[in-house]
Amino acid sequence: MNRRIVTLVVALVPILVFGALLGTVRVPFVSLGPGPTFDTLGEYDGKKVVDIAGTDTKDYGGHLNMTTVSQRDGLTLGQALVLWLSDQQQLVPRAMVYPPDKSKDDVDKRNTDDFKNSEDSAEFAALSYLKYDNAVTVRTLSDDGPAKDVLKVGDAIDAVDGKPTATVDALTDILKTTKPGQKVVIDYRRKNSPAGTATVTLGAKEGRDYGYLGAALLDAPWAPFSIDFNLANIGGPSAGLMFSLAVVDKLTDGELNGGKFVAGTGTITPDGKVGPIGGISHKILAAEEAGATVFLVPADNCSEASTAERGDMTLVKVDTLTSAVDSLNRLTSGQDAPGC
């Protein structure tokens, strides 16, 4: 065989092997980058993202966009190299996103649960800001519990056997005087419906010598109307702040965003505290690319956010729902707001 051909073949073999490796070998990394944004004042898949029924709402326009981080798993060596060279993507060890002791389904379920909890917290934070009083609220009902066909999630329990239940502790104290099999009369309020009464035959629960209602209860601000959040498959808790702002905007007079394209992120607690999130630089870039001119940043993310690529977008520091509303009102009136 011609020596030149042999030399060429020898030189091509490692190139071909490396090319095969680029396309087939999986690497233990996940890429993170700017994800889609969703206007909490708008619609998604034909439904209002924040849908309030049973009371008058306002619709002023503008944007209050929640932001997300895109994520790619199962990368080949070639894909990882391309993303590594990109100035918009970040490669992180897969174990940081999917811990070795958890399956992907476990992590996805946890993210879904976190998102659902953020919806509840967003509703409670907004109602608290709007000065709605607390009530003993039904959060979940056991599938086989005594109250499952009598009460509904979201009901407010006002009394048991005529005794007021201002708090969950007060209701528990009443139940401790009952026995399994005993009938009790519950006074309740239901969203978008008249108040009512119902008789429940209490059940038994292992380790408990008093009657079992079969409802998870919490002390939370309660309103007679319903609030639904219609975004599916968006995991994690970081939409809380923007959901709360959308509720406040729809239930109060005046344009909260001042007609501007406002975006932001942040977890929220039921009492309105805004917490930090991951991927702030990716979310800021996503908002800037979507056209936002103002971005709400959790105070604990400000240091990282101040170094992110943002164009002419204004970064506003927030630590509570109240501070976020106040800052937006200041911007609307032409004043400065606390920044990062």
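## The disulfide

The link of Cys-302 and Cys-340 is left-handed, with -55 degrees about the S-S bond. A disulfide is a covalent bond between the sulfur atoms of two cysteines. Here the term is given to a pair of cysteine sulfur atoms within 2.5 Å. The structure holds 1 disulfide. In the bond between Cys-302 and Cys-340, the S to S distance is 1.8 Å.

Cys-302 lies in helix H8 (residues 302-305) and Cys-340 in the segment after H9, so the bond ties together parts that are 38 residues apart in sequence. Helices (H or I, at least four residues) and strands (E, at least two) are DSSP runs, numbered from the N terminus. Cys-302 is buried, at 10% relative accessibility. Cys-340 is partly exposed, at 32%. Buried means under 20% relative accessible area, exposed means over 50%, and partly exposed is in between (1.4 Å probe, protein chains only).

## The model and the whole protein

This is a predicted model, in which local features need pLDDT of at least 70 and side-chain atom pairs count only at pLDDT 80 or more, while totals for chains, interfaces and linings use all residues. Residues are numbered from 1 along each chain as its sequence is written, and side-chain values use heavy atoms, with hydrogens and water left out.

The protein has 9 helices and 18 strands. Of its 340 residues, 42% count as buried. Its accessible surface comes to about 17,500 Å². Carbon and sulfur atoms hold 51% of that area. Accessible areas come from the Shrake-Rupley method with a 1.4 Å probe; for residues, only the protein chains shown count as cover. Now take the contacts (heavy atoms within 4.5 Å). Of those with a separation of 6 or more, 71% are between residues 24 or more positions apart.

## The largest core

A nonpolar core is a set of buried Ala, Val, Leu, Ile, Met, Phe, Trp, Tyr and Cys residues joined through side-chain atoms within 4.5 Å. The largest one has 40 residues. Val-50, Leu-241, Phe-243, Leu-245 and Leu-296 touch the most other members. Several elements each supply at least two residues, among them strand S5 (63-72), helix H4 (104-129) and helix H9 (321-332). The largest share, 8 residues, comes from H6. Apart from this core lies another, of 18 residues, including Ala-147, Ile-174, Leu-175 and Ala-198.

## Helix H6

H6 has 12 residues. From its first C-alpha to its last it reaches 17 Å, close to the 16 Å expected at 1.5 Å a residue. That expected span is 1.5 Å times one less than the number of residues. How many of the residues in H6 are buried? The count is 12 of 12. Among them are Gly-240, Ser-244, Asp-249 and Lys-250.

Phe-243 belongs to this helix. Leaving aside neighbours within four places in sequence, Phe-243 is in contact with Thr-40, Val-49, Val-50, Met-66, Phe-115, Glu-119, Ala-122, Phe-229 and Leu-231.

Leu-256 sits in the loop between H6 and strand S14 (261-264). Leu-256 is buried, at 6% relative accessibility. Its contacts include Leu-245, Val-248 and Asp-249, as well as Val-325 and Leu-328. Leu-256 and Val-325 are 69 residues apart along the chain, yet their C-alpha atoms are separated by 7.2 Å.

## Two annotated positions

UniProt places the feature "active site" (unreviewed entry) at Ser-238 and Lys-283. The two are spread over 46 residues of sequence, but they cluster in space, with a largest C-alpha distance of 10.7 Å. UniProt positions are given in the numbering used here, feature names are shortened, and annotations may be inferred rather than shown by experiment.

Ser-238 is in the loop between S13 and H6. Lys-283 lies in helix H7 (residues 280-290). Are they buried or exposed? Ser-238 is buried, with a relative accessible area of 14%. Lys-283 is buried too, at 4%. Ser-238 touches Lys-283, and also Thr-265, Gly-266, Thr-267 and Ile-277. Among the contacts of Lys-283 are Thr-67, Thr-68, Val-69 and Phe-295.

## Two positive phi values

Most residues other than glycine have a negative phi. Lys-131 has a positive phi, near 70 degrees. It lies in the loop between H4 and strand S7 (134-141). Lys-131 is exposed, at 69% relative accessibility.

Asn-192 also has a positive phi, near 60 degrees. Its place is in the loop between strand S10 (183-189) and strand S11 (196-201). Asn-192 is partly exposed, at 41%.
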